[in-house]
Amino acid sequence: MNADAVVLDVDGVLVDVADSYRRAILESVEHVYDRTIRTDDVQEFKDAGGFNNDWELTDAAALYVLATEEGYGASIDEFTDDIAAAGGGLEAAETVVRESIGARATQRVTDRWDRDRLRDVFQQLYLGPELYRGLEGGEFDAGIDPEDAGFIHDEPVLLEAEARERLLAEYDVGILTGRPEAEAEIALERVGLEDEIALDHRFTMDDWEEGKPHPRALTTLAERFGAANVVFVGDTLDDVRTAINAAETDPDREYHGVGVLTGGLTGQDGRRKYEREGATAVLESINELASRLES
C-alpha cells in the first residue's frame, strides 16, 4: 500500500466498544421505552450505512421499536435493508417508516420519539455521573443507578504498545472518529496517543458536520500531511466507503480502506463484507498494520 500517512478510527480499532457505546444504544432505548433491539441488530444498522453517529443509531433503533407498536411488521434485517436502499442514515429510516405505516401512524410515533431524552440517557449511561456532570453539565437522572453507569470505563485497549510505537516511528498518524472531541481525548490518552498526535491531525464529531462516509475529513488530513498515499483503518463498512469516496474526490492521491475484525464485523463473514465493499486489506487487528504495510 506504500503508505505515507496512516489515519485511524478509534472505536473498534484502538479500543473495544462492545460493552460501552453499543451497550449504551441498547440500554438507552430500553430505559426510555421499556423495549429494545438485540445486540447483533446494532451491526445491521452499521452495515446499512449512515450511522457513524451512535446517537442517531439509538434514535433509529427507538424509531423501529415505536413503529412496531403502530403496525410496522418488518424484521430488523428488512428494516435496515430498506434503510440502505433509501441511502442510509436516520433520514432514510424515517422515510422507510413513513412509507410503511402511513402519515397518521407515523405522527403518533414521532409524538413519542424523544431524541433529546434518548441522547441524554445515552450520555449518562456511557459517561457515568462524574464525567456526565463535567462534560454535559447536567444533573444525573434519578432513574439511572450510578453504579450501573459509566460504560466508558469498560473499553479494553486494542492497540498494543509495540504496534503503536512502530506506526508513530514510520508514518504520519492521524485520527478520524465519530466521537465527540472530549470522549476521543479520553480514548487517545488511554491508548497512549493523546500527546503523540497534533490537534490539526485529528477529526472528531465536533470538527465536521458531514460524518462518514463523506470524504472531506480524510482528504483534509491527507492534504495537511502532504501525503501521496493514505491508509484509513476502521471497523465499519462506512470507514471503507470513506476511503473509496476520498479516492474519487481526490484522484491525485491514493487512498486505501483497511478493515479490522475487532469491531462489529468479525470472522469470515466480516471479512467477506469488507472485501465486497472494496477494502484494500482486512486485518485481524490494528496490531498487524505495520507489518502488512512493510510487506
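E78 sits in helix α4, residues 76-85. Helices (H or I, at least four residues) and strands (E, at least two) are DSSP runs numbered from the N terminus. Between E78 and A62 there are 16 residues in sequence and 16 Å in space, going from C-alpha to C-alpha.

Before going further, keep in mind that this is a predicted model, where local features need pLDDT of at least 70, side-chain atom pairs count only at pLDDT 80 or more, and totals for chains, interfaces and linings use all residues. Residues are numbered from 1 along each chain as its sequence is written, and side-chain values use heavy atoms, with hydrogens and water left out.

Now step back to the whole chain. It is split into domain 1 (5-16 + 156-294) and domain 2 (18-152), with bounds that come from an automatic or database domain assignment. Taken over C-alpha atoms, the centres of domain 1 and domain 2 are 25 Å apart. Where they meet, 19 residues of domain 1 are in contact with 20 residues of domain 2; contact means heavy atoms within 4.5 Å.

What about the inside? The largest nonpolar core holds 76 residues, and L14 and L289 have the most contacts inside it. A nonpolar core is a set of buried Ala, Val, Leu, Ile, Met, Phe, Trp, Tyr and Cys residues joined through side-chain atoms within 4.5 Å. Helix α3 (residues 54-68) gives the most to this core, at 10 residues. Both domain 1 and domain 2 supply residues to this core, so it lies between them. There's also a second, separate core of 16 residues, with V7, L176, F203 and F225 among them.

Next, look at how some helices pack. Two packed helices are described by the angle between their axes and the distance between the axes. The axes of α2 (residues 41-48) and α3 come within 11 Å and cross at roughly 115°. Axes are lines fitted to C-alpha atoms, for helices over the stretch in contact, and angles run from 0 to 180 degrees between N-to-C directions. That is why α2 and α3 are roughly perpendicular to each other: under 35 degrees counts as roughly parallel, over 145 as roughly antiparallel, 65 to 115 as roughly perpendicular and the rest as oblique. Here V42, F45 and K46 in α2 meet D54, L57, A60 and A61 in α3.

For another pair, the axes of α1 and α6 (residues 115-136) come within 9 Å and cross at roughly 130°, so α1 is oblique to α6. Among the residues meeting there are Y21 and I25 in α1, and L118 and F122 in α6.

Finally, visit some loops. D34, between α1 (21-33) and α2, has a positive phi of about 65° although it isn't a glycine, and D34 is exposed at 61% relative accessible area. S285, in the loop between β6 (281-283) and α12 (289-294), counts as buried at 15% relative accessibility. The peptide bond from K212 to P213 is cis, with omega near 10°.

Methods:
Buried means under 20% relative accessible area, exposed over 50%, partly exposed in between (1.4 Å probe, protein chains only).
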